[in-house]
Amino acid sequence: MATRKIVEIGDEKLRKHAKKVEKFDLRLRILLKDMADTMYKADGVGLAAPQVGILKRAVVVDVGESLIELVNPEIVSAEGEQSGPEGCLSVPGRSGIVVRPERVTVRAQNAHGEPIEVTGEGFLARAFCHEIDHLDGHMYTEFAEKMLTQEELDELLKQEQEAEEGEETEA
Ligand code: NI
């Protein structure tokens, strides 16, 4: 397991447009593996290469289902809308309310350069949008409707959990 240092907001690398990956070599596979290790160690659900200082179009996402590696990802369709809290490993201790599509389909390549297509809904769709934004130098803090304090986030998550429990009891 090899982790890399996560660069934080204020670092100019987070503002740059990342380059398309052309070589699907061992170096890329090591980068993806290190990014996954770094994400898991930091308890994150996604990480983009610029967040470890590498300006390449590569992201990893795992919202608790399985690890998804996306190279040269592009959102090819988006539907619906969701509004909810979002955070970023490059903006420690902060979160904000961000509106995202409810469902997105992403076309990308895997670590070996083979074409893949994945569709995500809800939190997974949010993670895809957030990570792909990083490849174009964008951070959620630019378009958050409202930034939250830790207390506000805790309260919101508590309310969401109570609402879910309520639904389960009614069902
Ligand atoms: Ni982020």
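The nickel ion is held by three protein donors, Cys 88 (SG), His 130 (NE2) and His 134 (NE2), at 2.1 to 2.2 Å; donors here are N, O and S atoms within 2.8 Å of the metal (3.2 Å for Na, K and Ca), and since water is not among the atoms, sites may look incomplete. Along the sequence, these donor residues follow the spacing C-x41-H-x3-H. Cys 88 sits in the loop between β4 and β5, whereas His 130 belongs to helix α2 (residues 123-135), so the pair ties together parts that are 42 residues apart in sequence. Cys 88 and His 130 are both buried, where buried means under 20% relative accessible area, exposed means over 50% and partly exposed lies in between (1.4 Å probe, protein chains only).

The model is predicted, with local features requiring pLDDT of at least 70 and side-chain atom pairs counting only at pLDDT 80 or more, while totals for chains, interfaces and linings use all residues. Residues are numbered from 1 along each chain as its sequence is written, and side-chain values use heavy atoms, with hydrogens and water left out.

Helices (H or I, at least four residues) and strands (E, at least two) are DSSP runs numbered from the N terminus, and two strands pair if DSSP finds at least two bridges between them. Strand β5 (residues 95-100) is largely enclosed by the rest of the structure, because 5 of its 6 residues are buried. On one side of the pairing list stands strand β4 (residues 82-86), which joins β5 in the antiparallel sense over 5 bridges; here Ser 83 has Val 99 of β5 as its bridge partner. Strand β8 (residues 146-148) also runs antiparallel to β5, with 3 bridges, and Ser 95 stands opposite Leu 148 of β8.

A further set of pairings involves β6. Strand β3 (residues 68-79) and strand β6 (residues 103-109) are antiparallel and share 6 bridges, with Glu 79 opposite Arg 103. Strand β7 (residues 115-121) pairs with β6 in the antiparallel sense too, over 7 bridges, and Arg 107 has Glu 117 in β7 as its partner. The hairpin of β6 and β7 has 5 residues between the strands, and Gly 113 takes a positive phi near 90° there.

Turning to helix α1 (residues 26-41), Lys 41 is found in this helix and counts as exposed, at 62% relative accessibility. Leaving aside neighbours within four places in sequence, Lys 41 is in contact with Met 1 and Thr 3, contact meaning heavy atoms within 4.5 Å. Lys 41 and Thr 3 are 38 residues apart along the chain, and their C-alpha atoms are separated by 7.8 Å.
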